[in-house]
Amino acid sequence: MIVLFTDFGLAGRYTGQVQAVLQRTAPDVPVISLFADAPAGRPKPAAYLLAAYAAWFPAGTVLLCVVDPGVGGARPGVIVEAEGRLYVGPDNGLFELVLRRAAQPKCWEITWRPALLSASFQGRDLFAPIAAQLAIGEPPSAMAREAAPSAHPDWPDDLAEIVYVDHYGNALTGLRGSCLPDTSLLAAVGRHIARAPTFSAVPQGQAFWYVNSNGLIEIAVNAGRADQMLGLEIGSAVAILP
């Protein structure tokens, strides 16, 4: 399958045009839209989200990943292989955590260019055709040359910030559940938040943290919106208390 991880949104023209390119080149490969609302123009929080959610997909999956504030600039496009999955997108840190957590990752810089390449929509014109070709069995070496990706050693292994707010107002952090003992408190926007195993374990209107189904620590409110109640947004800092 081809999995989309982008900040394009479902409204408007971007996601539909990308899907059309994939359908044209790889009509028999299913396309799954995982995130169309990844942190807009923010590769760093998106990198932690991508690493957690990509791991759910089996080896052989091609992930088309575009969070690309530098589109049209000097940053190259890359193909990454990690744990049997292939990723296509900009070399701007988006794959930093995927690469760091993989046992034997590989990276190629994309050298192929289409006849027409817009400066502002390389997700459609460059990355989508590459992803489709990979999905039908073309090797990375046919479109790219081996290269070292850009490195971001100053980015922590786990990010103590909000990296995503979902449809329900739940606030996902860049922290994996393995980081925290169950007895830990989180501090965010002046509030101390204790763990609960699930929503029904706390009274309605109470905030809590838990480990979500993809292994990230998430802040939620039973029968409420954590983003509104606590004032959380992407980039809000979270502290871990003993």
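Is Tyr210 buried or exposed, and at what relative accessibility? Tyr210 counts as buried, at 13%. Buried means under 20% relative accessible area, exposed over 50%, and partly exposed in between (1.4 Å probe, protein chains only).

This is a predicted model: local features need pLDDT of at least 70, side-chain atom pairs count only at pLDDT 80 or more, and totals for chains, interfaces and linings use all residues. Residues are numbered from 1 along each chain as its sequence is written, and side-chain values use heavy atoms, with hydrogens and water left out.

**Figure 1. The whole protein, with 5 helices and 14 strands.** Helices (H or I, at least four residues) and strands (E, at least two) are DSSP runs, numbered from the N terminus. The radius of gyration is 19 Å, close to the 18 Å that the globule rule gives for 242 residues, so the protein is as compact as a globular protein of that length. That radius is taken over C-alpha atoms, and the rule is 2.2 Å times the number of residues to the power 0.38. Along the principal axes, the C-alpha atoms fill a box of roughly 60 × 35 × 30 Å. Buried residues make up 50% of the 242. Among contacts (heavy atoms within 4.5 Å) with a separation of 6 or more, 67% join residues 24 or more positions apart.

**Figure 2. Close-up of the rings of Phe199, Phe208 and Tyr210.** A search of the whole structure finds 11 aromatic pairs. In Phe199 and Phe208, the ring centres are 5.2 Å apart and the planes stand at 85 degrees, so this pair is edge-to-face. Phe208 also pairs with Tyr210: centres 5.6 Å apart, planes at 35 degrees, so that pair is tilted. Rings of Phe, Tyr and Trp (its six-membered ring) pair if their centres lie within 6.5 Å; planes under 30 degrees apart count as stacked, over 60 as edge-to-face and the rest as tilted. Phe208 is buried, with a relative accessible area of 0%. Phe199 is partly exposed, at 25%.
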